[in-house]
Amino acid sequence: MSGIFCSLRQLSVTYGRGRNSAALDGIDLDIAGGERLAIIGESGSGKSTLARALAGLLPEGTKVGGEMFWPSLGHPPRPGRDFGFVFQDPGSSLNPVLTIGEQIAEGARRHLGLSWKQAYIRAEELLERVRMPQPDRAMRAFPHQLSGGQRQRVAIAAAIAARPALLIADEATSALDVVVQAEIVRLLDGLVREDGMTLLFITHDIALASGFVDRIAVFRNAKLVEAGPVRSVLSAPESDHTAALIASHRDLATPPLIAGVLP
Ligand SMILES: Nc1ncnc2c1ncn2[C@@H]1O[C@H](COP(=O)(O)OP(=O)(O)OP(=O)(O)O)[C@@H](O)[C@H]1O
């Protein structure tokens with residue numbers, strides 16, 4: 001890991017249109033360059049709001065308080081260039097009327113200044129990297145011709161096309177069955193290690209995240225409950241809420257298995 005990638009100081013977010021309760025409230029958090037950080041929390045705890053705040057994707061009219069610093073980038077991350085986003089439903093980020101090759105190549109062309117020909121070559125290399133079966137055929141396919149897991153591989157390839165420093169995966173495996181889920185987690189893990197990307201892995205599933213991330217940050221009701229290395233959070237959670245989350249996963253709550261889950 002290298003230095004601090006992002007520092008949040010008392011970050012607060014309140015959505016507009018008459019809402020007065022904060023979606024994030026006084027968050028202090030440092031994210032190291034190249035680290036794999038899991039953002040854990042129940043539905044509505046503020047996880048996606050954190051991702052949108054980092055990515056500068058909050059809707060107009062949202063009130064943002066506190067400060068965000070980007071020591072290694074020197075500026076807020078630019079969409080498609082400095083960060084890539086992978087969502088739960090790849091259908092929301094893939095264009096149904098463009099071929100897979102066209103949509104991956106577009107990001108590489110626009111942000112890396114490649115010609116279309118070079119961008120197509122890069123797109124096919126990316127499909128190989130995300131272990132898409134028959135990448136040459138997949139280049140000419142449309143999203144609806146692929147399985148959910150394959151679409152998620154394409155979404156990941158598109159998200160990393162411009163070699164971003166930050167990859168945000170927001171419930172990226174939640175809609176997949178457990179076998180494909182494990183494959184996608186392994187894939188993300190390998191890609192961020194190889195490229196030295198910082199990964200924000202947003203999930204409600206502490207057991208899934210604990211198998212591969214470096215640190216866990218637990219959110220509840222707009223607040224950061226605790227953050228720390230996986231081993232410390234699992235073996236000595238600071239809050240009752242985190243302890244309850246761990247206890248709800250029997251395989252994590254059983255001490256001999258904690259060691260088994262960790263790398
Ligand atoms: N665009 C929006 N406008 C108004 N309120 C919003 C908006 N998006 C989220 N919220 C509210 O902000 C709070 C935090 O939502 P957020 O989506 O960040 O939570 P989350 O932990 O990601 O939940 P989930 O796991 O269900 O996606 C919730 O109360 C939610 O209803």
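Visitor: How many residues surround the ligand, and which are the closest?
Guide: 13 residues surround the ligand, and the closest are Y15, A23, S43, S48 and T49. A residue is near a molecule if its C-beta atom, placed from the backbone, lies within 6 Å of it. This is a predicted model: local features need pLDDT of at least 70, side-chain atom pairs count only at pLDDT 80 or more, and totals for chains, interfaces and linings use all residues. Residues are numbered from 1 along each chain as its sequence is written.

Visitor: What's the shell like by class?
Guide: The shell around the ligand has three nonpolar, eight polar and two charged residues. Ala, Val, Leu, Ile, Met, Phe, Trp, Tyr, Cys and Pro count as nonpolar, Asp, Glu, Lys and Arg as charged, and the others, Gly among them, as polar.

Visitor: Which element gives the largest share of that shell?
Guide: Helix 1, residues 47-55, with three residues. Helices (H or I, at least four residues) and strands (E, at least two) are DSSP runs, numbered from the N terminus.

Visitor: Why is helix 1 called largely enclosed?
Guide: Because eight of its nine residues are buried. Buried requires 20 or more other C-beta atoms within 10 Å of the residue's own, exposed 12 or fewer, and partly exposed lies in between, with C-beta atoms placed from the backbone. The buried residues of helix 1 are K47, S48, T49, L50, A51, A53, L54 and A55. Just after helix 1, G56 takes a positive phi of about 65°.

Visitor: Switching to strand 6. Which residues point which way?
Guide: L166, I168 and D170 point one way, L167 and A169 the other, and all are buried. In a regular strand the side chains alternate between the two faces of the sheet. Five of the five residues of strand 6 (166-170) are buried, so this strand is largely enclosed by the rest of the structure.

Visitor: What does strand 6 pair with, and in what sense?
Guide: Strand 5 (residues 83-86) pairs with strand 6 in the parallel sense over four bridges. Strand 7 (residues 198-203) also runs parallel to strand 6, joined by five bridges. Two strands pair if DSSP finds at least two bridges between them.

Visitor: What stands opposite L167 on each side?
Guide: G84 stands opposite L167, and in strand 7 the bridge partner of L167 is L199.

Visitor: Last one: is S115 buried or exposed?
Guide: S115 counts as exposed, because it has 10 C-beta neighbours inside 10 Å. S115 sits in the loop between helix 2 (100-112) and helix 3 (116-129).
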